[in-house]
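Welcome! Take a moment to look at the sequence and the 3D picture, and then we will walk through some rings and some sulfur links together.

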Amino acid sequence: MTPKRSIRPLVVGNGNDISAQAPSGFISSSSGTFENIVNVTSESSPIANAGPPVANAYTLQINTNFFSSTACAGSPNAGCRGWEQFVHANNGSSGLAYIQYWLLQYNAACPAGGWTQFSFTGDPDIYCYRNSPSAVAVPNQPITNLGALRLTGTVSASSDSVTLFVGSTAYNATGSNSVNAAAGWTKSEFNVFGYGGNSDGGGAATFNGGASLNVRTRITYGGTAAPICAAEGFTGETNSLNFGSPTPPATPPGPAVIFVENTTGGAATNCAAASVIGDTHQHTVAGLLYDFQASGDFVEAQVGSTFEVQTRKVSGAPTWPNASVDQSVATRMGSTKVSLCDGKSLVVDGRIQDVPSGGALHLSSGVDVHHVGNVYVVTDQTGNSIRVTVNSGYIDVTVGIGTSPAAVLGLLGNPNNDPKLLAAKDGTQYAVPLSFDDLYQKFGASWRVTPVRTLLASCATVSSGNPSAPFFARDLKDDVRKRSENICLQAKVVQAWLDACTLDVAVVGDRAATAYIGRTPPVVNGNR
């Protein structure tokens with residue numbers, strides 16, 4: 001069960017996952033289950049990522065984070081890390097539950113006592129792995145029985161074990177505590193994956209079309225507070241699903257992280273998300289909807305010192321002088337800067353890059369860029385992301401936050417995650433709805449970016465300004481409003497988004513309605 005490496009995919013696995021992180025201390029136990037399973041009828045995976053796919057071959061894995069381990073004492077590499085996997089491996093005819101241990105980048109002869117040396121092709125780093133001395137046989141579990149399965153991994157200073165529950169029947173195997181996970185386990189990844197790796201990659205579990213399920217990852221860490229959501233994973237195996245919506249409700253038991261994955265996808269791969277749609281409707285991390293029609297460069301979102309997103313908004317004048325759309329976007333992830341100018345030119349750290357549709361770019365910083373059709377996705381190793389949909393004359397931007405809860409600043413931030421509040425750069429808070437003057441002259445102006453600080457220097461400049469008056473769907477001419485509203489209604493846009501959709505259809509075109517189909521309604525409408 002190989003560790004993640006190279007580019008983060010657009011499906012679940014190989015680093016692209018959601019883990020439960022302990023708010024404090026270390027995890028002593030974690031369990032994973034599946035619920036709300038809909039239309040899961042078949043699944044297949046090659047064995048060890050080789051040969052033809054085998055029906056009902058898959059693994060359930062609980063994976064620790066990579067951590068400093070006393071087992072790395074013999075390594076010359078200060079970056080050596082321990083890693084532990086609690087595994088149920090079902091090969092389509094029978095199953096085994098066991099533990100697999102890793103010493104990542106050990107870079108020396110592996111220790112005695114059952115360790116096996118492993119290296120990726122072309123990579124000089126030496127990895128070491130071993131399995132627990134015992135494994136327990138489990139009867140074959142077809143994928144249609146997924147809802148009856150619960151995988152649990154437990155560690156202490158002196159022991160560890162894995163248990164697979166099939167209904168009320170428990171299959172348990174003890175381990176050798178080979179990496180002392182009790183002193184380093186802070187994040188837990190649980191999911192269903194392909195049946196192991198190589199050559200030089202993890203295998204994929206491929207589900208039937210229309211499959212959907214919720215994943216619940218529980219942790220025991222010594223407290224009762226909800227775990228932190230961390231948008232990252234650790235195994236190299238994948239499945240064919242992606243993150244869906246709407247967000248599942250918080251239900252017991254816990255502490256737990258719950259998310260939905262399906263073959264439809266539609267949600268950004270992150271723990272929290274915000275978006276800027278059309279002319280420009282701001283949908284914040286906390287769920288507030290408000291319109292912001294200024295032009296120029298603005299900070300959309302900023303999390304700490306390592307993640308920032310800026311957009312360049314352009315006025316709709318002369319036809320629509322009180323409306324604006326996003327024309328360009330840029331992000332800073334650590335030391336890496338990526339911008340998409342006019343929806344056409346991709347610039348990475350000051351250099352133009354050509355990534356054709358279907359292609360991807362993996363940077364040494366760990367930032368990945370995918371291009372699929374009219375969509376660009378930029379992601380870092382901790383799950384922060386932007387998803388840019390290029391339309392005719394404008395872009396829609398979704399910002400993904402890799403850790404939640406997190407303090408998000410900017411136009412898409414809410415103080416204390418309160419959807420009824422916005423905060424200026426100096427911390428001044430404004431209750432919604434804001435007055436026209438407060439929205440543009442105070443709050444908005446505080447997040448306007450100067451030429452010195454802009455991440456969009458590689459893109460064509462635009463004039464900066466503010467609208468002269470508010471501009472909503474009700475301000476359209478009656479015939480224009482009725483026609484645009486009818487297009488949105490025919491697209492089955494829900495009432496909560498109808499005004500925004502109507503304005504977009506009028507200003508940027510009929511196809512704008514597609515951005516609202518199936519979109520989760522805002523928690524608060526700040527335009528009212």
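Does C110 count as buried or exposed, and at what relative accessibility? C110 counts as buried, at 19% relative accessibility. Here buried means under 20% relative accessible area, exposed means over 50%, and partly exposed lies in between, with a 1.4 Å probe and protein chains only.

## About the model

This is a predicted model, where local features need pLDDT of at least 70, side-chain atom pairs count only at pLDDT 80 or more, and totals for chains, interfaces and linings use all residues. Residues are numbered from 1 along each chain as its sequence is written, and side-chain values use heavy atoms, with hydrogens and water left out.

## Sulfur links

The structure holds five disulfides, each being a pair of cysteine sulfur atoms within 2.5 Å. In one of them, the sulfur atoms of C110 and C128 are 2.1 Å apart, and the link is left-handed, with -95° about the S-S bond. C110 sits in the loop between β7 (94-104) and β8 (116-118) while C128 sits in strand β9 (residues 127-131), so this pair ties together parts 18 residues apart in sequence. C128 is buried, with a relative accessible area of 0%.

Another disulfide joins C488 to C501, S to S 2.0 Å. C488 belongs to helix α2 (residues 478-490) and C501 to helix α3 (residues 498-508), so parts 13 residues apart in sequence are tied together. Helices (H or I, at least four residues) and strands (E, at least two) are DSSP runs, numbered from the N terminus. C488 counts as buried at 0% relative accessibility, and C501 is buried with a relative accessible area of 0%.

## Aromatic rings

Now for the rings. Rings of Phe, Tyr and Trp (its six-membered ring) pair if their centres lie within 6.5 Å; planes under 30 degrees apart count as stacked, over 60 as edge-to-face and the rest as tilted. By this rule the count comes to 19 aromatic pairs. One of them is F118 with Y127, edge-to-face at 6.3 Å centre to centre and 80° between the planes. The centres of F120 and Y127 are 5.4 Å apart and their planes are at 85°, so this pair is edge-to-face.

F118, F120 and Y127 belong to one aromatic cluster, whose members also include W83 and W102. F118 is buried at 13% relative accessible area, and Y127 is buried at 8%.
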